[in-house]
Amino acid sequence: MKFFHISDLHIGLKLLNRDFREDQEYILEQIVKLAEKEKPDAVVIAGDIYDKAVPAAESEGTIMMISGNHDSAPRVNCFRGLLSRQKVYMIGMPPVRQEEKIEKVTLTDAEGAVNFYLLPFVKPSMVKQIVGVDENGNNLSYEEAIKRLLERE
């Protein structure tokens with residue numbers, strides 16, 4: 001299976017009064033051209049899609065995106081149900097209730113099935129209703145919280 005994995009786009013980044021829009025447009029155009037040439041089965045955009053939690057308003061394969069620590073999880077999650085029908089998966093929020101699971105997207109090619117588990121940026125406090133707390137009632141470490149989230153999958 002062929003897929004592109006990109007992250008930390010930080011769309012809208014301005015640094016020391018320099019606007020990186022032109023540079024970002026160029027890079028994104030190169031990614032699109034490469035995707036048209038290589039025809040990946042999926043494009044995974046793993047976090048920090050935008051540079052701010054509230055961004056400025058400005059392929060036939062599957063596109064998967066998860067929110068990062070700089071993204072507004074509720075905004076990334078906004079059209080989750082609608083877009084997934086178009087093979088565009090924008091996952092902003094991790095599971096927070098027992099009945100919720102990590103979003104799983106299964107793609108199949110000649111070699112067989114590949115599962116992608118789309119877990120956005122998460123803090124142990126966000127998922128403590130699912131993974132629990134330690135023996136003293138404190139939030140788990142990141143490592144233990146993620147381990148428990150994955151075990152239940």
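In what order do the four strands of the open sheet lie? The legends below take up this question for a predicted model.

View 1. The four strands are arranged as 1-4-5-6, and their pairing is parallel. Strand 1 (3–6) and strand 6 form the edges, each pairing on one side only. Direction ignored, neighbouring strands of this sheet are turned against each other by 10 degrees on average. In general, the strands of a sheet pair through backbone hydrogen bonds, in either a parallel or an antiparallel manner.

**View 2. Strand 4 beside strand 5.** Strand 4 (residues 42–46) and strand 5 run parallel and are joined by five bridges. Within this pairing, valine 44 has methionine 64 of strand 5 as its bridge partner.

**View 3. Strand 5 beside strand 6.** Four bridges connect strand 5 with strand 6 (residues 88–91), and these two strands also run parallel. Here methionine 65 stands opposite methionine 90 of strand 6.

View 4. Strand 5 spans residues 62–66, and four of its five residues are buried. Buried denotes a relative accessible area under 20%. Strand 5 is therefore largely enclosed by the rest of the structure.

Technical notes. Residues are numbered from 1 along each chain as its sequence is written. This is a predicted model: local features need pLDDT of at least 70, side-chain atom pairs count only at pLDDT 80 or more; totals for chains, interfaces and linings use all residues. Side-chain values use heavy atoms; hydrogens and water are left out. Buried means under 20% relative accessible area, exposed over 50%, partly exposed in between (1.4 Å probe, protein chains only). Two strands pair if DSSP finds at least two bridges between them. Axes are lines fitted to C-alpha atoms, for helices over the stretch in contact, and angles run from 0 to 180 degrees between N-to-C directions.
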